[in-house]
Amino acid sequence: MTNEYKLATILAHTGIKSDEATGALAAPIHFSTTYQHPEFGKSTGFDYTRTKNPTRATLEKTLAAIEQADYALATSSGMSAIVLAFEIFPVGAKVVAARDLYGGSFRWFNDKESEGRFTVEYANTESDLLAAISDDTDIVYIETPTNPLMVEFDIATVAKAAHDKGAKLIVDNTFYSPIYQNPIPLGADIVVHSATKYLAGHNDVLAGIVVTNDQAIYDKLFYNLNTTGSTLSPFDSYLLMRGLKTLKLRMEKATENARELVTFLKTLPTVKEVLYTGKGGMISFKVADESKIPTIINRLEVITFAESLGGVESLITYPRTQTHADIPEDVRLSYGLTNDLLRLSIGIEDVDDLKQDLKAALGA
């Protein structure tokens, strides 16, 4: 399956025709850790599964295609994808990053900065980010939209600013997925995903991906991934392929539900602000009385109180105590991640059930 086909077709055909020997419709799972050489000095292309695995290779072919990239690597988690992307850069590399980030990303950046591995300058807005990029900048890093304030960045504008100063742009595309955004054609050098989320879509697999169009970058990524071993297992590769087949359908339904729920939430007197970009399944909202957040969460019956996002089930998260707990409170408050904010990951349930659940929980 190549890029000449439309996205929905590429997704639906994930893994098809990958087993020429039997014609199996579902991609086979190759559990073998090692592979027999035909004879001395020859290889089938597979030697040891940490380096390359047939199931993972089939997955990576689809991942590259849907992100309109030449290369993709599947890793053991979203955080391992971020670590892989950053560790190809030298010690002392200077990073300019959007301030509103997933708490796990901030935690890792903070640790690496304290070790002297990187220096990180944060920016609250796109204009601040562009102004912070200088001749000394090595890496520009953005989530778009951001987690959880749902701020969008113009990838093409940021990419040009980074490249004009000799820097590389890394984009986390987890929230929108390739259904709504392809950062590589817009100028990103590296794109990362927590594939645990929308790409897999069923809250049953932990995975990450890194994609690029730059062969020199890919060669470094591949070398480091093979060296460190944070690769995705064959079975998890299979689960991720299975999830990809319905990605477009799931994202479209989540968006349809989210748009209707945003309109509904704005009518509730207990909700003072709703943050939503107009597409995707992620909504953040601020309540009028933050002291009632435990009660709101405990009243929910359809929506599940849990970390993570992007599955078929709707989830609610309280960033203050969950996903962003490692960000110091004064830092969070300084850029608008206040204690009255809740984050919703909207699934594919009947939207009327979701409305009734939120109405009952929010006391309206």
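These are my notebook entries on a few spots I looked up in this predicted model.

**Entry 1: the domains**

I began with the overall layout. The protein chain is divided into domain 1, residues 7-245, and domain 2, residues 248-363. I looked up their C-alpha centres and found them 27 Å apart. To the contact between them, domain 1 gives 31 residues and domain 2 gives 33 residues.

**Entry 2: Arg-99**

Next I went to Arg-99, in the loop between strand E2 (93-98) and helix H4 (103-114). Which side chain of opposite charge is nearest to Arg-99? I found Glu-113, at 7.9 Å. Arg-99 has no salt bridge, yet this residue is buried. I then listed what Arg-99 touches, leaving aside neighbours within four places in sequence: Phe-106, Tyr-122, Ala-123, Asn-124, Val-331 and Tyr-335.

**Entry 3: aromatic rings**

I turned to the rings, and the count came to 13 aromatic pairs.

Phe-86 has 1%, so I noted it as buried. Trp-108 has 13%, so Trp-108 is buried too.

Trp-108 also pairs with Phe-109, and here I wrote "tilted": the centres are 6.0 Å apart, with 55 degrees between the planes. Stepping back, I saw one aromatic cluster made of Phe-86, Trp-108, Phe-109, Phe-118 and Tyr-141.

**Entry 4: the backbone**

Where did I find cis peptide bonds? One joins Thr-144 and Pro-145, with omega about 0 degrees. Another runs from Asn-147 to Pro-148, with omega near 10 degrees. Pro-145 lies in the loop between strand E4 (139-143) and helix H6 (155-164), and Pro-148 is in the loop between E4 and H6 as well.

I finished with phi angles. Asn-203 is not a glycine, but its phi is positive, about 55 degrees. I placed Asn-203 in the loop between strand E6 (190-194) and strand E7 (208-212). At 37% relative accessibility, Asn-203 counts as partly exposed. Ser-308, also not a glycine, has a positive phi of about 90 degrees, and I found Ser-308 in the loop between strand E10 (304-305) and strand E11 (315-317).

Key. Residues numbered from 1 in each chain as written. Predicted model: local features only at pLDDT ≥ 70, side-chain atom pairs only at ≥ 80, totals over all residues. Heavy atoms only, no water. Helix = DSSP H or I, 4+ residues; strand = E, 2+ residues; numbered from the N terminus. Buried < 20%, exposed > 50% of the residue type's maximum accessible area, 1.4 Å probe, protein only. Lys, Arg positive; Asp, Glu negative; His and termini not counted. Salt bridge = Lys/Arg side-chain N within 4 Å of Asp/Glu carboxyl O. Contact = heavy atoms within 4.5 Å. Phe/Tyr/Trp six-rings, centres within 6.5 Å; stacked < 30°, edge-to-face > 60°. Domains from an automatic or database assignment.
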